[in-house]
Amino acid sequence: MDYQKFLEEKRKLSAEASSEERQAVMRQGLELVLASTGTHGVRIHDMMKKTLISCSEEEAEVTLAYEVEDWELNPNGAMHGGLIGTAIDTACGMVTRYMSENLLASTVSLNVDYLRPVFGGDRLLVTAKLVRLGGHMANLRAEARRGSDRKPAALATAVFYLPGAGGKA
């Protein structure tokens, strides 16, 4: 099933559906996105090994884990800041597209504050939360943590544009 067909099925979900049912549907959709990785040729976010850790439609939140590999390291042995930004942008995009049901949502701005390094062999845990979903814009907050000690590695805010009628007021 492609993601567009999945969204059509999601829209059919009853308003009386339980929180657990909604969470299961969200997980199915996000896993579908992760499974389609690499189907559009080689892209940097496809090269980064990621897994879905948790998601919540109620909280409008998703957490992804990235395994930090050697090719992602800067000369100091830490994950390159641009790749941390890519991981954050990917998580923000996933929650925005799911919650807005707008597959064309795109990043307008991504502001990242780097707090501490994430070294090779560690995991980067990225949690993105949708703060506001407007008619044409979505605002998000994100946090990236080191898997080894759960200390924050980066904090971010993002704005996504929602073209067409896909946004919600």
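Visitor: Which residues does Leu 124 touch, not counting residues up to four places away in sequence?

Guide: In this predicted model, Leu 124 touches Leu 64, Ala 65, Tyr 66, Val 68, Met 79, Ile 84, Ala 87, Val 118, Ala 144, Arg 145 and Ala 153, with residues up to four places away in sequence left out of the list.

Visitor: What is the packing angle of H2 and H4, and how far apart are their axes?

Guide: Helix H2 (residues 19-35) packs with helix H4 (residues 81-100) at an angle of about 125 degrees, and their axes are 11 Å apart. The two helices are therefore oblique to each other. The crossing of H2 past H4 is right-handed.

Visitor: Which residues meet in this contact?

Guide: From H2 come Arg 22, Val 25, Met 26, Leu 30, Val 33 and Leu 34, and these meet Met 94, Val 95, Tyr 98 and Met 99 of H4. By class, the contact residues are nine nonpolar, one charged and no polar.

Visitor: How are H1 and H2 arranged relative to each other?

Guide: An angle over 145 degrees counts as roughly antiparallel. H1 and H2 pack at about 175 degrees, with axes 10 Å apart, and they are therefore roughly antiparallel to each other. In this contact, Tyr 3, Phe 6 and Lys 10 of H1 meet Val 25, Gln 28, Gly 29, Leu 32 and Val 33 of H2. Its residues divide into five nonpolar, two polar and one charged.

Visitor: Let us turn to the backbone. What is the phi of Ala 60, and where is this residue placed?

Guide: Most residues other than glycine have a negative phi. Ala 60 is not a glycine, yet has a positive phi of about 50 degrees. Ala 60 lies in the loop between E1 and E2.

Visitor: Is Ala 60 buried or exposed?

Guide: Ala 60 counts as buried because its relative accessibility is 8%, and the cut-off for buried is under 20%.

Visitor: What is the phi of Arg 150?

Guide: Arg 150, also a residue other than glycine, has a positive phi near 65 degrees. Arg 150 is in the loop between E5 and E6 and is partly exposed, with a relative accessible area of 48%.

Technical notes
Residues numbered from 1 in each chain as written. Predicted model: local features only at pLDDT ≥ 70, side-chain atom pairs only at ≥ 80, totals over all residues. Heavy atoms only, no water. Axes fitted to C-alpha atoms, helices over the stretch in contact; angles between N-to-C directions. Helix = DSSP H or I, 4+ residues; strand = E, 2+ residues; numbered from the N terminus. Parallel < 35°, antiparallel > 145°, perpendicular 65-115°, else oblique. Left-handed = near helix turned anticlockwise from the far one by under 90°. Contact = heavy atoms within 4.5 Å. Nonpolar A, V, L, I, M, F, W, Y, C, P; charged D, E, K, R; others polar. Buried < 20%, exposed > 50% of the residue type's maximum accessible area, 1.4 Å probe, protein only.
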